[in-house]
Amino acid sequence: MAPTLLSSPLQGFTDFRFRNAFNHYFGGIDTFYAPYIRLNGKLKIKQSYQNDLLPENNTTLEVIPQVITNDPDEFLYVAKYVQSLGYNELNWNLGCPYPMVTKSGMGSGLICNPNRINEVLHRAHNETDILVSMKMRMGYENAEEILDAFPILDQYPLKNIAIHARIGKQLYKGPVDLDAFEKCISSTKHKLYYNGDITSVSAFKAIEKRFPNIDHFMIGRGLIADPFLPSMIKNNTTEYPKNRWSIFSEFHDTIYQQYDEYLSGPTPIKMKMLGFWEYFSQSTSNPQKTYKAIKKADNPIKYRKAVDQIMNTELKL
């Protein structure tokens with residue numbers, strides 16, 4: 001049976017424009033998680049978050065909204081907001097590793113505080129009927145933190161817990177800790193999803209073999225670096241389509257045009273696409289040269305020329 005593949009949310013990358021284009025050109029993802037909503041103490045949903053979750057912007061795919069908070073009132077506010085749009089599930093982010101988040105006691109910085117986790121979940125399950133799922137790391141300082149949180153989590157009817165097999169302090173550096181993830185499987189009654197370093201078909205197969213009882217897998221950075229990866233995993237192949245770079249070129253042009261219309265001026269679109277090319281370049285024949293060419297392109301005309309040259313180079317190989 002084909003595994004269930006999920007797109008892990010990446011702030012600044014996997015918004016509705018990217019999701020829709022990805023789904024159209026590549027497929028392979030069963031469910032997309034929207035980048036998190038953060039309220040910053042004000043019970044108000046920013047316009048960009050609203051646009052990302054509007055049903056009319058997500059007509060062709062399954063999307064699950066996500067919130068990052070350590071405040072029960074904020075959680076309830078977002079839960080009721082997404083329910084008003086027709087969503088019946090809210091994913092709670094206890095995974096974000098970045099210091100600006102964790103120092104505020106959110107994301108992976110909250111895992112070490114089971115009492116606060118309990119407070120949020122208690123009110124979420126008593127004051128709303130939304131289905132709650134979790135996205136976590138194994139801790140911030142160490143992988144034991146999640147084990148201390150499981151007794152609290154096991155008190156609630158969570159849909160699932162997706163675990164990125166690193167601690168927050170690592171950010172994305174160093175290897176995933178598969179032994180610590182294995183310990184999680186026997187430490188909770190909840191269904192676990194695996195997340196972390198699925199960057200190739202062979203890497204996926206190694207994870208699948210190591211954890212035969214896991215059937216849901218989240219792909220984050222690997223999905224942007226190689227957009228064909230999910231469909232190749234689904235089809236159990238390492239062969240790319242013969243028109244690989246033509247498909248990628250159309251996908252690129254679609255998101256470029258949409259972000260160019262949305263962002264004002266040449267600098268924001270340059271920075272947006274530079275962020276994508278940090279990942280896209282990893283699938284080219286010469287990642288360093290590719291990224292350097294994009295970085296040097298300091299206006300839209302030079303950017304288009306650089307992209308055309310990259311595509312021509314890859315098509316000739």
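Which residue forms a salt bridge with D73? Select R123: its closest N and O atoms to D73 are 2.9 Å apart. Keep in mind that you are looking at a predicted model.

**Stop 1: R123 and D73**

Colour the two helices. R123 sits in α5 (residues 114–127) and D73 in α3 (residues 72–84). The partners are 50 residues apart, so the pair links distant parts of the chain. Now check the surface. R123 is partly exposed, with a relative accessible area of 24%. D73 is partly exposed too, at 40%.

**Stop 2: K191 and D215**

Select K191 and D215 next. They form a salt bridge, with the closest N and O atoms 2.8 Å apart. Look for loops here. K191 lies in the loop between α7 (178–185) and β8 (192–195). D215 lies in the loop between α8 (201–210) and β9. The two residues are 24 apart in the chain. K191 has 34% relative accessibility and counts as partly exposed. D215 is partly exposed as well, at 29%.

**Stop 3: K234 and D30**

Where does the side chain of K234 meet D30? In a salt bridge, at 2.6 Å from N to O. K234 belongs to helix α10 (residues 229–234), while D30 is in the loop between α1 (16–25) and β2 (31–33). This pair spans 204 residues of the chain. K234 is partly exposed at 26% relative accessibility. D30 is partly exposed at 33%. Across the whole structure, the search finds 16 salt bridges. Side chains of opposite charge can pair when their charged atoms come close.

**Stop 4: the largest pocket**

The largest pocket has a volume of about 460 Å³. To centre the view, select P9, L10, P97, Y98 and Y172, the closest to its centre of the 29 lining residues. Then colour α4 (99–102), β9 (216–219) and α9 (221–225), each of which supplies at least two residues of the lining. The lining divides into 14 nonpolar, 11 polar and 4 charged residues.

**Stop 5: the cavity**

How many cavities of 30 Å³ or more does the search find? The whole structure has 1. About 60 Å³ of space lies in the largest cavity. Select its lining: A225, D226, P227, F228, R244, W245, F248, W277, F280, S283 and T284. The elements that give two or more residues to this lining are α11 (244–262) and α12 (266–280). The most comes from α11, with 3 residues. By class, the cavity lining has 7 nonpolar, 2 polar and 2 charged residues.

**Stop 6: V307**

Keep W277 shown, as it is one of the residues that line the largest cavity. Now select V307, in helix α14 (residues 300–316). Is V307 buried or exposed? V307 is buried, because its relative accessible area is 2%, under the 20% cut-off. Beyond residues up to four places away in sequence, V307 touches H252, W277 and I294. Finish with a distance. From V307 to M1, C-alpha to C-alpha, is 38 Å in space. Along the sequence, V307 and M1 are 306 residues apart.

Conventions
Residues numbered from 1 in each chain as written. Predicted model: local features only at pLDDT ≥ 70, side-chain atom pairs only at ≥ 80, totals over all residues. Heavy atoms only, no water. Helix = DSSP H or I, 4+ residues; strand = E, 2+ residues; numbered from the N terminus. Buried < 20%, exposed > 50% of the residue type's maximum accessible area, 1.4 Å probe, protein only. Contact = heavy atoms within 4.5 Å. 1 Å grid on protein atoms, 1.4 Å probe; cavity = no way out; pocket = protein on both sides within 12 Å on 5 of 7 lines; lining within 4 Å. Points joined across faces, edges and corners; volume = space filled by probe spheres on them. Nonpolar A, V, L, I, M, F, W, Y, C, P; charged D, E, K, R; others polar. Salt bridge = Lys/Arg side-chain N within 4 Å of Asp/Glu carboxyl O.
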